[in-house]
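Hi,

Here is the structure I promised to pass on.

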Amino acid sequence: MRMTSQHPRSQQLIARARALGTIPAAVIYPCSCDALAGALQAHAAGLITPILVGPAAQIKKIAAAGKLDLNASRIEDITDPIACAQHAAALVREGQAEALMKGSLHTDELMTVIVSRAAGLRTSRRISHVFVMDVPAHDRLLLVTDAAVNIAPELRVKADIVRNAIDLAHAIGIDEPRVALLSAVETVNPGIASSVDAAALREMAQRGEITGGIVDGPLAFDNAISAQAARIKGIVSPVCGAVDILVVPALEAGNILYKSLVYLGGALAAGVVMGARVPVILTSRADSPASRTASAAVASLLAHAARQRPA
């Protein structure tokens, strides 16, 4: 997906991040043309200062074949993909990197390192993934979570998924995000686990266990997106028709939803992993250059927001 005038909100995020200055980002095993070019494009956009962690000779060969300029990039010469991820984690611990970017190593290899205690990247939160979607037919950004990391999260994990998404919303300028806890129904049905979890999460928010946003559910997708659909069904909620965050029941639903928005709705998707010490740009081989750049912008805004928090 190429970023066009149909994606003005993504362009605004990039402009905001660029205005704040680049952040140092460790790019882990950038051993394909797409992975390397994505990192260098994010640098050219004024978003990151890349630290390329991988086999130097191979990276230089890829750059030469793709006519990519490495002059502004520091290379940490490490051959093994897992060792690259471990070294990138060390750069974070040492304060040399404020974000991580996946290169061409497998996602499970990267995530195994990130969640390991030895890496020193874990926090009290469960790690989760958030897509920031710029949908041309919609009037605001939509955050979709979790469509990439947690397969079938239990209630405790879902609570952290919501908290992580709210933190991301704050970082990109949504002061009080409206959160829809999605299910197939709008009322609690004991036979539909997602509706039971949604009601419990809503109660947690009402008790102050989840803060920073307006949380409601269970809500079906149409009611979350359309105020008219909610009115027809007699649903009264401050979230309906004004939703910022869509919390899906499980990974399959999230994967289908975000890909439907991209391939049928022309959306641009920027994705990051939350819950670790620094944001992780979890790119896919199918990601467009525009998507990679937008993801770097989101990670940059998160890193700048982290600088404002007390140590």
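Cys33 is partly exposed, at 38% relative accessible area (buried is under 20%, exposed over 50%, partly exposed in between, with a 1.4 Å probe and protein chains only). Cys240 is buried, at 10%.

This is a predicted model: local features need pLDDT of at least 70, side-chain atom pairs pLDDT 80 or more, while totals for chains, interfaces and linings use all residues. Residues are numbered from 1 along each chain as its sequence is written, and side-chain values use heavy atoms, without hydrogens and water.

There are zero disulfides (cysteine sulfur pairs within 2.5 Å).

Now the helices (DSSP runs of H or I, at least four residues, numbered from the N terminus). Axes are lines fitted to C-alpha atoms over the stretch in contact, and angles run from 0 to 180 degrees between N-to-C directions.

Helix α1 (residues 8–20) packs on helix α11 (residues 289–308) at about 50°, axes 9 Å apart. Contacts (heavy atoms within 4.5 Å) involve Leu13 and Arg16 of α1, among others, and α11 residues including Ala297 and His304.

Helix α6 (residues 155–171) and helix α7 (residues 193–206) pack at about 60°, with axes 10 Å apart. That makes α6 oblique to α7. Among the contact residues are Lys158 and Arg163 of α6 and Asp197 of α7.

Best wishes

Methods. Helix = DSSP H or I, 4+ residues; strand = E, 2+ residues; numbered from the N terminus. Parallel < 35°, antiparallel > 145°, perpendicular 65-115°, else oblique.
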